[in-house]
Amino acid sequence: MFNPQTSYDVIPGYIKLEDFHKYPEDYVVHPPYQRKNVWARGKKQALLDSLFRRYYVPKIVLREIKLAENYKKVEVIDGQQRIRVAQAFYEDDLTLPQSLEDLDKSLPGRKYSELSVNVRKFVDKTLQYDVDTVKGIDDPRNPEHQQTAAEIFWRLQQGETLNYMEVAHARLSSLPRNFVVKYADDISFDYDSYRPIENNPDTHEFFRTITRPNDRMQHLAILTRLLILEEQEGPSDISDTNVSQFIEKGHHPDGIGNYSYEDTAPARSALSNMRTFYHVFRNDVTDGYGMRELQAEYVIISLYLLLRHLRKYYVFAEQEEKLFRAFTISFDKRRRDRREDDSDIQVFTSYRQQSGREITIRDRVIRQLFFEYAGAEGVDILTKDERRRFSESERITIYRAVDGVCQECSKRGLPDDEARVPWSEYQSDHVVPHSKGGPTVIDNAQVLCRAHNLAKGASRPVD
């Protein structure tokens, strides 16, 4: 007899609406594999109408989570918004709809606390959600358990299709996914206490400069594309399919809650370039809104690649930052005007897709336009000394020339014995910073202790 075995059990039951209000700590309403989703007020009130009329409401699907031997929580696989509606109503953040007037003329517009005693008793003792509780996949650190829960979630979303990034977001064992969620999502997740953290404190300030929304995880998609570009060190294919594959290939057996990807070169480079990007446009961020010029994804990515190229090969100091900002505004005006005789803009806007070929074409166009703009403004963009680090022989020469004494400590009057830097802590520093065009030669070098070297670097975005 054909009888496939399941990896979990489903136990039917019910939960009173009041319980979601009285014991909110018991319910993980926003699990780590789910997107942030908010119903419009009309949809919330339509649910209240159905509840009061005792109409059919789809079951809520829960999952039992075991955090310790005697400590369990309940995760909401499906029904996040239905639970939030119940909580909002009990907290007086939601009023009853006008459509209930035929049941009782006193109901429309009422908050929970404004209801009569009889109606409150009806709500507390009668209204409930039918639930199915999934048991047997209760280990939140087990990739198979988490993936099974995510699979159940996906299959319940038949009427509301998940996009490629929302599916990638559920790959909890992917190291790049964890990095992207940490720095680009609005919500983070604490696996130790197994609870979501609203207003993610790690969201990168880069996303404050752009006006692109994040309601369907657009910020996560942008950051993933930037990581691919950093990994490939320039233009490459970053389509939706490439994004999905990039997240998928980052799977790690111990990936859940693992943030080690940020120690990789692509991650460090992305964070550094994003930090500089924010530094350029920081004064344009007002009331939580970024620049209108930074709205279209293909434009954001092209400007990022331009900034990345300039930082890598040219001096990119205060003057260049101001020039980059002014160019961005000028370029956006040309792009919006789209004059027929502006062939460069016509080419740029004709190649909006995220294939390597189209990104390369845009990159060449915008790079040429930038240098033409710099020339018209009378700004000479200086190339960097390609050699950034001093050789071992040079470091020894620099150290011996001053007997290992920190030059900044010496200037401040410390005796040589106190100002001398042990060889193990010695850092050879560019007098004129490399980022400002300072060459990597002995005449542009000095000995600094760690504290003074860090203090010098803290005045500008750190590479």
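## Overall build of the protein

Among contacts (heavy atoms within 4.5 Å) between residues at least 6 apart in sequence, 69% link residues at least 24 apart. The model is predicted: local features need pLDDT of at least 70, side-chain atom pairs count only at pLDDT 80 or more, and totals for chains, interfaces and linings use all residues. Residues are numbered from 1 along each chain as its sequence is written, and side-chain values use heavy atoms, with hydrogens and water left out.

The protein contains 18 helices and nine strands; these are DSSP runs numbered from the N terminus, helices being H or I of at least four residues and strands E of at least two. The radius of gyration, taken over C-alpha atoms, is 29 Å, well over the 23 Å that the globule rule gives for 463 residues, so the protein is more spread out than a compact globule. That rule is 2.2 Å times the number of residues to the power 0.38.

| Property | Value |
|---|---|
| Span of the C-alpha trace along the principal axes | about 85 × 65 × 55 Å |

Of the 463 residues, 49% count as buried, meaning under 20% relative accessible area.

Five strands form an open sheet of mixed pairing in the order 1-5-3-4-2. Its edge strands, strand 1 (9-16) and strand 2 (27-28), each pair on one side only; two strands pair if DSSP finds at least two bridges between them. Strand 1 runs antiparallel to strand 5 (residues 128-135) over eight bridges. The bridge partner of Gly13 in strand 5 is Val131.

Technical notes:
Buried < 20%, exposed > 50% of the residue type's maximum accessible area, 1.4 Å probe, protein only.
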